[in-house]
Amino acid sequence: MFAEQVLRIIAGLFVGIYVARYLGPEQFGVYSYAAAFVAMFGTISRLGLDGIVVRDLVNHPQERDVYLGTAFWLKLTGAFLTLGLLAIAVQFTSNDAITNLYIFIIASGLIFQSFDVVDFHFQSRVLSRYVSISRLFQLALSSILKLYFIFIQADLFWFVIVSLVDQITLALSLVFAYWRQKIGSFFGHFNLGTAKVMLSNSWPLILSGIAISLYMRIDQIMIKEMLGEREVGLYAAAVRLSEAWYFVPVIITASLFPAIINAKKISQELYNKRLQRLYTIMIYFAVGVALPVTFVAESIVVTLYGMHYQGAGIVLSIHIWAAVFVGLGVVNGSWFLAENLQKLATLNTLIGAVANVVLNYFLIPVYGIAGVAFATLASYGVAAYLALLLHKKTRGRFYIVTSAVFPGWR
């Protein structure tokens with residue numbers, strides 16, 4: 001799994017840079033906008049079922065076919081529901097017919113994401129290597145196709161098709177891996193009672209997923225509507241570099257958080273002290289990356305993407321500092337889960353999303369894509385740091401984070 005993630009990051013970064021150089025800012029902006037538009041609605045199709053189905057499969061393995069079959073048909077229904085919502089949503093945009101076609105080609109892949117239920121089965125059996133192998137096959141085919149289309153000087157349409165091929169390839173690979181287990185089929189199993197229970201448990205996760213998607217993707221939608229496709233391409237290129245570091249906080253937190261949870265069994269003071277140290281690690285790592293990048297951002301962008309992307313460096317120099325709050329947010333997410341405070345986590349994310357939209361609305365006309373980068377940075381800070389002050393159950397986290405920033409402060 002670790003090897004798959006590393007290879008995905010490397011291929012996604014370098015093949016993505018090659019694609020962006022080939023397409024140029026405007027065409028890359030159209031592609032990025034279409035992908036962001038679909039991603040903003042794509043959470044709905046997943047119905048928040050992922051963790052719930054894995055949990056149920058672990059607790060009741062004898063009901064495997066019922067859980068997998070019910071989840072499959074629910075997710076398939078969610079995919080078609082999402083396509084219907086997209087058909088309505090595009091009516092309120094300034095998109096031309098070609099852009100809308102690209103949106104629906106990419107969105108068609110949501111239908112094939114229904115086969116992700118096979119991944120849930122493998123997770124519940126601690127057999128995720130089969131999923132990793134499937135994803136590596138998908139990654140290899142996707143990278144080869146993109147490089148081939150660059151070699152033959154293909155149109156943007158074919159790179160959009162690759163996004164759909166990615167989902168089809170992964171679905172077929174997962175089904176093949178499941179078939180190799182020789183444990184029968186789940187497609188003929190659907191239980192209405194089980195479906196109702198799943199949805200009653202998942203609706204808070206659906207809302208949380210929508211908030212996160214809005215939070216992460218609305219900036220590119222607003223750039224396109226207020227500035228144009230070229231600016232979307234410049235912004236997306238810079239953000240791709242900025243977000244390349246985001247896997248590090250996830251790995252660090254996953255490695256250290258179990259020790260932090262165990263510390264709570266010893267004393268609350270030790271628990272808080274270890275949390276503060278983890279926050280400190282996140283902050284110092286992010287600053288260590290952001291500080292040098294700030295001074296050479298334009299050179300990095302031009303070197304990697306070419307002169308056509310000149311002007312995106314200002315976005316990178318601002319957006320890279322969002323890594324500070326991303327690290328804090330990752331730790332907060334694990335803490336919210338450990339303390340069973342997921343609803344407060346959703347509330348903080350919604351607050352950040354609203355702040356992002358409001359700041360973008362006022363900053364884009366004045367500062368362009370630099371304003372978007374600042375809006376993203378500020379809204380991340382609101383969600384991961386300032387919002388902790390709003391509820392008494394999270395106020396202690398605010399003080400611990402502040403202590404991590406200013407070690408002498410108590």
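A: Serine 242 touches Leu316, His319 and Ile320, leaving aside residues up to four places away in sequence. This serine is found in helix 10. Is serine 242 buried or exposed? Its relative accessibility is 0%, so serine 242 counts as buried. Keep in mind that the model is predicted.

Now stay in helix 10 and turn to leucine 234, which is found there too. Leucine 234 has 4% relative accessibility. The cut-off for buried is under 20%, so leucine 234 counts as buried. What does leucine 234 touch? Again leaving out residues up to four places away in sequence, the list is Pro25, His308, Tyr309, Ala312 and Ile369. Glycine 29 also deserves a look. The C-alpha atoms of leucine 234 and glycine 29 are separated by 7.2 Å. Along the chain, these two residues are 205 residues apart.

Ile369 leads on to the next helix. Helix 10 covers residues 229-242, and helix 16 covers residues 369-384. Two packed helices are described by the angle between their axes and the distance between the axes. Here the axes of helix 10 and helix 16 come within 10 Å. They cross at roughly 45 degrees. An angle under 35 degrees would count as roughly parallel, and 65 to 115 as roughly perpendicular. Helix 10 and helix 16 are therefore oblique to each other. Their crossing is right-handed.

Which residues meet at this contact? Helix 10 brings Glu231, Leu234 and Tyr235. Helix 16 brings Ile369, Val372, Ala373 and Thr376. Sorted by class, the contact has five nonpolar residues, one polar and one charged.

For contrast, step away to the aromatic rings. The structure holds 14 aromatic pairs. One of them joins phenylalanine 176 and tryptophan 179. A pair of aromatic rings is described by the distance of the centres and the angle of the planes. For phenylalanine 176 and tryptophan 179, the centres are 5.8 Å apart, with 35 degrees between the planes, and the pair is tilted. Both residues lie in helix 8, residues 156-180. They are three residues apart, about one turn of the helix. Phenylalanine 176 is partly exposed, with a relative accessible area of 45%. Tryptophan 179 is exposed, at 54%. Serine 242, where we began, counts as buried.

Notes. Residues are numbered from 1 along each chain as its sequence is written. This is a predicted model: local features need pLDDT of at least 70, side-chain atom pairs count only at pLDDT 80 or more; totals for chains, interfaces and linings use all residues. Side-chain values use heavy atoms; hydrogens and water are left out. Axes are lines fitted to C-alpha atoms, for helices over the stretch in contact, and angles run from 0 to 180 degrees between N-to-C directions. Helices (H or I, at least four residues) and strands (E, at least two) are DSSP runs, numbered from the N terminus. Angles under 35 degrees count as roughly parallel, over 145 as roughly antiparallel, 65 to 115 as roughly perpendicular and the rest as oblique. A crossing is left-handed if the near helix is turned anticlockwise from the far one by less than a right angle, and right-handed if clockwise. Contact means heavy atoms within 4.5 Å. Ala, Val, Leu, Ile, Met, Phe, Trp, Tyr, Cys and Pro count as nonpolar, Asp, Glu, Lys and Arg as charged, and the others, Gly among them, as polar. Buried means under 20% relative accessible area, exposed over 50%, partly exposed in between (1.4 Å probe, protein chains only). Rings of Phe, Tyr and Trp (its six-membered ring) pair if their centres lie within 6.5 Å; planes under 30 degrees apart count as stacked, over 60 as edge-to-face and the rest as tilted.
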